[in-house]
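This briefing sets out selected local features of one protein chain. Please consult the sequence and the structure shown here while reading the points that follow.

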Amino acid sequence: MSKPLGYYTSYTPGDDSLLERVQEQYGSAFEKISKREKLSILMILASNLGCQLEGDVRGGIYAVAREMTDQLSLSDQAGVMEAIISQIRWGQNYEQQ
């Protein structure tokens, strides 16, 4: 994350929010958090967001995710994560019927 937390969130310096406390403790670009810790936060937040949505996950999705972990380089796995985060954030989502 090369840009500060406020670029990606509603955080405003001086707002006395959780995001301000996180930034003060771990840096404005999370530079004081290891890659493993960042992935743990990502996993927890993704799980929480997923639980908020209705519907089921198609079985094929689990299979393709397993194939990705087995066959893609770590760099490509991170790239897939980045693509999915962008699509979730900006609304490029398939709507199941």
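**Briefing on local features**

Glutamate 20 is located in helix α2, which spans residues 18-26. The model is a predicted one.

**Glutamate 20**

- Glutamate 20 is buried and takes part in no salt bridge.
- The nearest side chain of opposite charge belongs to arginine 21, at a distance of 6.8 Å.
- A polar atom of the glutamate 20 side chain lies 2.6 Å from the backbone nitrogen of glycine 14.
- With residues up to four places away in sequence left out, glutamate 20 touches Tyr11, Pro13, Gly14 and Asp15.

**Glutamine 23**

- Helix α2 also contains glutamine 23.
- Glutamine 23 has a relative accessible area of 18%, and it is therefore classed as buried, the cut-off being under 20%.
- Leaving aside residues up to four places away in sequence, glutamine 23 touches Leu5, Tyr11 and Ser28.

**Salt bridge**

- Side chains of opposite charge can pair when their charged atoms come close.
- The whole structure contains 1 salt bridge.
- That salt bridge joins aspartate 70 to arginine 66, with 3.5 Å between the closest N and O atoms.
- Aspartate 70 and arginine 66 are about one helical turn apart, because they are 4 residues apart in helix α4 (residues 59-71).
- Aspartate 70 and arginine 66 are both exposed.

**Aromatic pair**

- The count of aromatic pairs is 1.
- Tyrosine 7 and tyrosine 8 make up this edge-to-face pair, with 4.9 Å centre to centre and 80 degrees between the planes.
- Tyrosine 7 has a relative accessible area of 54% and is exposed, whereas tyrosine 8, at 31% relative accessibility, is partly exposed.

**Positive phi angles**

- Aspartate 16 is not a glycine, yet it has a positive phi of about 55 degrees.
- Aspartate 16 belongs to the loop between α1 (5-8) and α2.
- The relative accessible area of aspartate 16 is 60%, so this residue is exposed, the cut-off being over 50%.
- Phenylalanine 30, likewise a residue other than glycine, has a positive phi near 55 degrees.
- Phenylalanine 30 lies in the loop between α2 and α3 (35-51).

Note on methods
Residues are numbered from 1 along each chain as its sequence is written. This is a predicted model: local features need pLDDT of at least 70, side-chain atom pairs count only at pLDDT 80 or more; totals for chains, interfaces and linings use all residues. Side-chain values use heavy atoms; hydrogens and water are left out. Helices (H or I, at least four residues) and strands (E, at least two) are DSSP runs, numbered from the N terminus. Buried means under 20% relative accessible area, exposed over 50%, partly exposed in between (1.4 Å probe, protein chains only). Lys and Arg count as positive and Asp and Glu as negative; His and the chain ends are not counted. A salt bridge is a side-chain nitrogen of Lys or Arg within 4 Å of a carboxyl oxygen of Asp or Glu. A polar contact is a pair of N or O atoms within 3.5 Å; within protein, one must be able to donate a hydrogen and the other to accept it, and residues adjacent in sequence count only if both atoms are side-chain atoms. Contact means heavy atoms within 4.5 Å. Rings of Phe, Tyr and Trp (its six-membered ring) pair if their centres lie within 6.5 Å; planes under 30 degrees apart count as stacked, over 60 as edge-to-face and the rest as tilted.
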